[in-house]
Amino acid sequence: MAEWQRILKERSLSTLQQLVDKFGPEHFPDLGRLQHAADNFEFRISPAMVDLIKEPGDPIWRQYVPDLQELDVVDGVMDSLGEDADSPVPNITHRYPDRALFLASPVCASYCRFCTRRRKVGDPEKIPMSQYESAFRYLEEHVEIRDVILSGGDPMLLSDRRLNDILARLRRIEHLEVLRIGSRVPCHLPERITPELCEMLRKHHPLYINTHFNHPDELTPAAVRGLSMLADAGIPLGCQTVLLRGVNDDVDVMKLLMQKLLAARVRPYYIYMCDNVAGVEHFKTTIEKGLEVVEGLRGWTSGLAVPHFVIDAPGGGGKIPLTPEYVVRLTDEEIVLRNFRGEQYVWKQPREDDALVAAATGTDGSVVPLRGKSGKPKKKRGVRKSR
Ligand code: SF4
């Protein structure tokens, strides 16, 4: 057994009784009902996350400790993104034109209570590791797919050998240009990032890793060290963050998280609205809160630290970006914009003559006379005559 496997096995919390013993029975007044909540989704908190809990109810606790609110289902659904409808063979979701999701592992180091895929994650029957072959064949046959994202569960909980076998097999498929791994291991189990793992991963470039951090406290020295090892192996690192009530629905918390990610060589990629999943509704914030958080990033910190803010559309519509409104007025003559401080600025549209010259500029930069049959200059569609 590798050292990281031993740490996960021996030092994680994986029963309610262990939670009670660690934090005290006064924090679990209705243990019977809480067990129902815990039974609805796999439960484990890895040592790195246990160590980060400062007090019951804090942002780390909220992400991993079962909560009675998970039993209050209002309009949440099991498969909120309609992934199963887009699954042509086990382990594969193929929704977008040129990329596919490959669920390679059923297990995670810690189980996030807000997990969108909680209907499957933790259950080896629902993410079967014995049926990779049909997934490989599907990817081989679909030449339009150029980008495969390994997910699960967490693919980095596979052994080095198994992960290497999967990546090597994918690398033999010529039309797959890019491989990506989605993993919360750098946060949940930084001990997993070993020199041997990095040596193995670097053989499969171009390989990207999208990790997942939700709170600045999660960027511990061990996590930053692990991320640095991955970056040193030449792997571009991105981060997906979920906007969660009581965890990071605050401008200052989110800004610090993005800044710490960037300092750890991770490019923030997405902030997701929490999906409409049964048992997860107490994590949802309003759209206005999300826009406020994103507006508190743009202009107030490096552009590199500002990710796309998206809703993964219910029922399988895919990721749709949301942006605060910066356009005050748009006419044929000008656009009036407001900057991050709320100050207004005017940018003039090109005049008709300018637009004609721009439209008639050759690729080498030379100006090509643009004339109709009459010999008069052609009028560019949609451009108003200047007054
Ligand atoms: S690590 Fe990812 S897949 Fe695993 S429980 Fe958390 S959100 Fe779900």
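A residue is called buried if 20 or more other C-beta atoms lie within 10 Å of its own, exposed if 12 or fewer do, and partly exposed in between, with C-beta atoms placed from the backbone. The structure is a predicted model, in which local features need pLDDT of at least 70 and side-chain atom pairs count only at pLDDT 80 or more, while totals for chains, interfaces and linings use all residues. Residues are numbered from 1 along each chain as its sequence is written.

## Overall layout

The protein chain has 387 residues, of which 34% are buried. Its C-alpha atoms fill a box of roughly 85 × 50 × 40 Å along the principal axes. There are 13 helices and 12 strands in the chain; helices (H or I, at least four residues) and strands (E, at least two) are DSSP runs, numbered from the N terminus. Two residues are in contact if their C-beta atoms, placed from the backbone, lie within 7 Å. Of the contacts with a separation of 6 or more, 75% are between residues 24 or more positions apart.

## The sheet

Strands of a sheet pair through backbone hydrogen bonds, either parallel or antiparallel. Two strands are taken as paired if DSSP finds at least two bridges between them. Here, 9 strands form an open sheet with mixed pairing, in the order β1-β2-β3-β4-β5-β6-β7-β8-β9. β1 and β9 (318-321) stand at the edges with a single partner strand each, so one side of each has no neighbour in the sheet.

β3 and β4 are parallel and share 4 bridges. Across this pair, I149 stands opposite R180 in β4. Strand β4 (residues 178-182) is largely enclosed by the rest of the structure, because 4 of its 5 residues are buried.

A313 has G318 in β9 as its bridge partner. The loop between β8 and β9 holds G315, which is exposed, with 11 other C-beta atoms within 10 Å. G315 and R298 are 17 residues apart in sequence, and their C-alpha atoms are 30 Å apart in space.

## Helix α10

Helix α10 (residues 221-232) has 12 residues and reaches 16 Å from its first C-alpha to its last, close to the expected 16 Å. The expected span is 1.5 Å times one less than the number of residues. A223, G226, L227 and L230 are buried in α10. They cover an arc of only 100 degrees around the axis, which puts them on the same side of the helix; the arc is that of the directions from the helix axis to the C-beta atoms. The buried residues of α10 pack against α8 (185-188), α9, β5 and β6 (237-243). On the other side of α10, P221 and D232 are exposed. The helix is followed by G234, which has a positive phi near 85 degrees.

## Backbone exceptions

Most residues other than glycine have a negative phi, and most peptide bonds are trans.

| Site | Feature | Value |
|---|---|---|
| G152 to G153 | cis peptide bond | omega near 15 degrees |
| H205 to P206 | cis peptide bond | omega near -5 degrees |
| N91 | positive phi | about 75 degrees |
| R265 | positive phi | about 70 degrees |

G153 is in the loop between β3 (147-152) and α7 (160-171). P206 is in the loop between α9 (195-201) and β5 (207-212). N91 belongs to the loop between α5 (59-64) and β1 (92-93), and counts as buried because it has 25 C-beta neighbours inside 10 Å. R265 lies in the loop between α11 (251-263) and β7 (267-273). With 15 C-beta neighbours inside 10 Å, R265 counts as partly exposed.

## Ligand surroundings

Which residues are around the ligand? They are C108, Y111, C112, C115, R117, V121, G152, G153, D154 and R184. A residue is near a molecule if its C-beta atom, placed from the backbone, lies within 6 Å of it. The shell divides into 5 nonpolar, 2 polar and 3 charged residues. In this division Ala, Val, Leu, Ile, Met, Phe, Trp, Tyr, Cys and Pro count as nonpolar, Asp, Glu, Lys and Arg as charged, and the others, Gly among them, as polar. G152 and G153, which are part of the shell, are also joined by a cis peptide bond.
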